[in-house]
Structure formats: C-alpha cells, structure tokens
Amino acid sequence: MTTTMSARDDAPRRSAPLAPAFRMTPKGFRALVAMHARLLFREPGTAVVVLLPLALLLIFANVHSARYTPQKALGGRTVLDVYVPTFAALMPLMLALTVLPGRMAMLRESKALRRFRVSPVPPAGMLVALLAVIVSLAAAGVVLVVAVGVGVYGAAMPSGLGTVIAAFVLGSAAVFALGLIVAAVAPGQGTANGLGAPMMILNFFFSGLYFPVAEMPHWLQKTGEFVPFGAVMDAWAGQGALWQHLTVLGCYTLLGGVAAVKLFRWE
Amino acid sequence: MHVIEVSGLHKQYGAVTAVQEVSFSVEQGEIFGILGPNGAGKTTTVECISGLRTGDRGAVRVLGLDPTVDGEQLRQVVGVQLQEAGLPDRLKVREALEVFAAFYRKTADIDALLDRLGLTEKADTAYKKLSGGQKQRLAIAIALIGEPQVVILDELTTGLDPHARREVWELVEQIRADSVTVLLVTHFMEEAERLCDRVALIDRGRVVALDTPAGITQRAGGGQRMRFKPSAPIADEDLRALPSVTSLSHHGAQIEIEGGQDLIQQVTSLLAHRQIIAGELRIEQSTLDDAFLALTADAQAPDNSPTNQRNGA
C-alpha cells in the first residue's frame, strides 16, 4: 500500500478536467438551464435557426406540384414527402454544429468558464445544462416541422416509424457528438463557426437540402451513407441496410463523444 | 489558526519559474496584500490558493483545507474575483447573481448586495453594457454572494479610473468591517498603502519583503529627502556631519540631502542655529512606491538608491 501511495504522490498532480463536474443540486441545475435558455433566446441567431426550416416547409407546401404530384424519380413520393425529413434535419444540424459550438466558444472566450470554476458552480455541469437546452430545442424543432408537414400539409409518414425515430435520434446524437468536438476545442466563436459550418453543409448536402438524394449518382449516394444525416435520410426512406446506417451513426456518436471529452479545454 | 497559509510554494512552467519558495500566512480579519510588478508571480500564487492550479512543491492551506483536494468544500466559503474572468455578454446583473446564488449553501440577500454595491439601478442591465467599474463591482458582488469567510481579489482596480478605484476601495474596507479576511493582489502601491494591514512584496517569483506597508517603507531606507536654497552659504561638511545624512548633492543654488528618519529635524535645527533660512524648501517622505522600486530593483540594476521622482506625499 505504501508503494502505491508514493507512486501516486510522485505523479504530477493535475486535476482531471471533467472530474468533480456534474455534482449539483436540482436547484443549481434549474438555475443553469434557465440561464442558458435566456441567453439562447436573447441571441438573434436562434430565431433564424428555428424559423428557417419552418419557412422552407411552408414555401414547399404551397407549391402545388411539390405537394400533390408523386415523382417517379423519388420512388413515387411527392417532393414534399422527401423534404419534410430534410427540413426537420436542419434543426439538429444547425443547433449541433453551429449553435452548440458557438455557445461554448462564447463561454470560453468571455472567460466565463474561468469565473465559474472558482465558484461552487460545476463547470461541466454548466455545459451539460447548455447541452440539455439545445437538445430540447432541437427535439421541439423536429417535432414541430414533422407535425406541420404531416398534420397540416399531409406529407406521408415514413413506414417503419420506430426505426425512423431511432435513426433520427441516433443521427442527432451523432451530429451533436461532432458539434461537441468543435465545442471542446474552439477558442472563440469565429473558429467554432469556421469548423462547424463545413460539417453542417456536408450534412445538409447529404440530407438532400440542395438536391434530392434519390437523384444523386450512385457513388455519391453510397458516400452519403457514411455521413450522419445521409444515413438518417436513407433510414427514413427505407433504403439500404438499416443495421449499417445505425452502426455508422453509433460510431459517430461514440467516437465523437470520446474525442470531445479527451480534447476538452476550459480556457 | 492561520486563515491562509502558504509554505514553500514553487511553480514552474517549462523553463520559466513563476513562483519559488513563496511562504506567508494571513490572519483572520486582515487585509493582506500581495504586491509586485507585473509578471512577478502574483497571479500564479493566487491561482494556487484558489485551486485553479497546483504548485509543484510546497503546501497551501486555506481554512485548514488543501485547495486541490478539498476544492468543493473551499469554494463554498472562499469568494474569488479573478483578474481574467468575465460573464456572457447578454447575462443581466441580477441573473448572474441568481445563478451563482443557486449553488451556495448560505447566500447573501441579492437586493441588499446590489444596493450595497450600488448596482440596484443596473440589476436588469446586460453584462456587456456595464462600465469597467460596474463590472468590477459585479465581480465583487459575485465573490460575496456566498457569504464567504475569505475573499480573494486579484488586480481589483486595474483599468479603473481614479474615481471608480476609490469607490472599490471603500467597498473593500466595508468587507473587512464584516470581519471577512481579504487577500488582495495588486501592483498599485497606493492601493496597498491604503488598504492592507500587511503586504508580501513579490519579485520574480520570490517574497522579497513581508511586513506592514509602513514597515516595508522603513526597511527600504525609510528615508526622507529635502531640497532647499540656503539664504547664506553653509559648508557641505557641516551637513554631512549630521548623523542622519546619507548623501548630499548640489543642483544649482539648491542643496539636496537624503537621509534617515530624523533628517529633517536635524537639518532644520542646524540651519536655525546658524540663522540660515531654507528657501524653496521641498520635503519628500519616501513611500511604499520608493520601497517597492528599491526592493524590486535591487537585483535588476546596480543603482539601488530609493530615488525616484515623486512630488509631494
């Protein structure tokens, strides 16, 4: 026992970055959630993130042919059917890859993390509260887009609802993990955007925002299966092997999460 | 028991030694100053005391606890204001206090605290829109929200205008009046002289003096300096013969004499005895400023006389 003790004492003493971090009272957690929610809604960009997908949905739904004409190239579905999941995907994509990294970089840049570290506010708990607020917003956004698309404009629901929800949840987890990597390292909001935006656009592309995935060349579709929201869209449309899509998403989530924790910097 | 006890603290960053063999202790209810030029190791010392860093060697105890091991317990009773720290731009003053308050077991009344720090009118103002002085006062409010037993204030008045600085000083005096122990880090002599009961003077990572501000001034010469134009000639030797005189020089018709504590009394009585009038008389008492320069310059330059230009005192 003596030997293990001295071995430990000889090691350079460094506080583990995420160690005492999550311990907090429900009251404390509520206070942090309230703070992040307020800050988020005071940011003009947040409204854009929530309203843009809805606005796109309304525009498409009001184009007669998009709403009612089944397309052969789209496997007999209407343009609206295809675009409802795409617009829904914008919510987690924008929130995970630009808003989350941007908010964390802001906390780092403004040295607020440093101030919280010398108080009993657990800084990692603070980040968990931030994540909770943004994930809730993403979930609400997805539900809203799908509810309006399906409920108001009669877009077709996907067949295997359970697998689709699983794919969407896992896909969101995957991009949130990628967003967390950026959030972990970006020293400022500029860097956060510079790193997060290209990932977001890549996901936009393979979620079919710019061009329907079904009309892409075969090799491009194949590539898209390995991009988080490419895999989600395939699962939604019932294309390819479901186990493969879920594995891809699981890997992103796991590796991204581990990388984010490993790379995390307070200052 | 000492409230803060630092013994043999040593911290190295790569090849740079930031702090070496720093030791001091702070007593209950005192305002203790850590004074030193920029880059002397003040902030590193404070970061070790507040648990943000761990020293390579030596021990730090705050209220008997080790900041790196018992950080969680200490953060409940130690309020810290850091030199480099901020808040989200859009967070409002009251909201900031509410968030911090939610984590303390004991909390001060937010309205009373806002009032005491003159922030009541700014309660709903976003952090970004506060002036430098208001931001500092908010930082102090956050340091006080948990009704701490010890408050650490790092470079509290840097960047403030003289008016705001004086306001902040009054606040620190109020804090002490509540028998809270204050550790004050500063490079302003005036601040240390005005507020601190005792001061540790740190230069290039070492404590070079530890005493009351007056004691440090004394130690660095405690000298006085006078300059005058004698109404009749007086021999240099006669002046030099006075026990307090350490140096004498001529500047045109003026004589400048430096010496110890009794210099002025000795010189004036000699002049009176000879019926010489000291015209254009100027007397300077050396201050903590001089002591600071003398003690920190010792190692830097061969010229270690406490002479720097400072008008009045």
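1. Which residue of strand 13 of chain B is the bridge partner of R225(B)? E284(B) takes that place. The two strands involved, strand 10 (residues 224–230) and strand 13 of chain B, pair in the antiparallel sense over 6 bridges. Strands here pair if DSSP finds at least two bridges between them. Helices (H or I, at least four residues) and strands (E, at least two) are DSSP runs, numbered from the N terminus.

2. This is a predicted model, in which local features need pLDDT of at least 70, side-chain atom pairs count only at pLDDT 80 or more, and totals for chains, interfaces and linings use all residues. Residues are numbered from 1 along each chain as its sequence is written, with chains lettered from A and ligands numbered from 1 in the order in which they are written.

3. The sheet of chain B is open. Its 4 strands run in the order 11-12-10-13, with antiparallel pairing. Strand 11 (245–251) and strand 13 (278–285) of chain B are the edge strands, each pairing on one side only. From one strand to the next, the twist averages 15°.

4. Now the other pairings. Strand 10 of chain B joins strand 12 of chain B through 5 bridges, antiparallel. There R227(B) stands opposite E256(B) of strand 12. Strands 11 and 12 of chain B, also antiparallel, are joined by 6 bridges. H251(B) has Q254(B) in strand 12 as its bridge partner. The hairpin of strands 11 and 12 of chain B has 2 residues between the strands, and G252(B) takes a positive phi near 60° there.

5. Helix 10 (residues 263–273) of chain B lies across strands 10, 11, 12 (254–259) and 13 of chain B. Helix 10 runs at about 20° to strand 10 of chain B. Axes are lines fitted to C-alpha atoms, for helices over the stretch in contact, and angles run from 0 to 180 degrees between N-to-C directions.

6. In chain A, helix 3 (residues 44–61) packs on helix 5 (residues 79–109) at about 170°, axes 10 Å apart. The two helices of chain A are therefore roughly antiparallel (angles over 145 degrees). Residues meeting there include L52(A) and F60(A) of helix 3, and Y83(A) and M91(A) of helix 5. The residues of this contact divide into 17 nonpolar, 1 polar and no charged. Ala, Val, Leu, Ile, Met, Phe, Trp, Tyr, Cys and Pro count as nonpolar, Asp, Glu, Lys and Arg as charged, and the others, Gly among them, as polar.

7. Between the chains, the contact takes 25 residues from chain B and 23 residues from chain A (C-beta atoms, placed from the backbone, within 7 Å). Helix 2 (71–77) and helix 3 (93–101) of chain B each supply at least two residues of the side touching chain A. That side of chain B divides into 12 nonpolar, 6 polar and 7 charged residues.

Conventions. Contact = placed C-beta atoms within 7 Å. Parallel < 35°, antiparallel > 145°, perpendicular 65-115°, else oblique.
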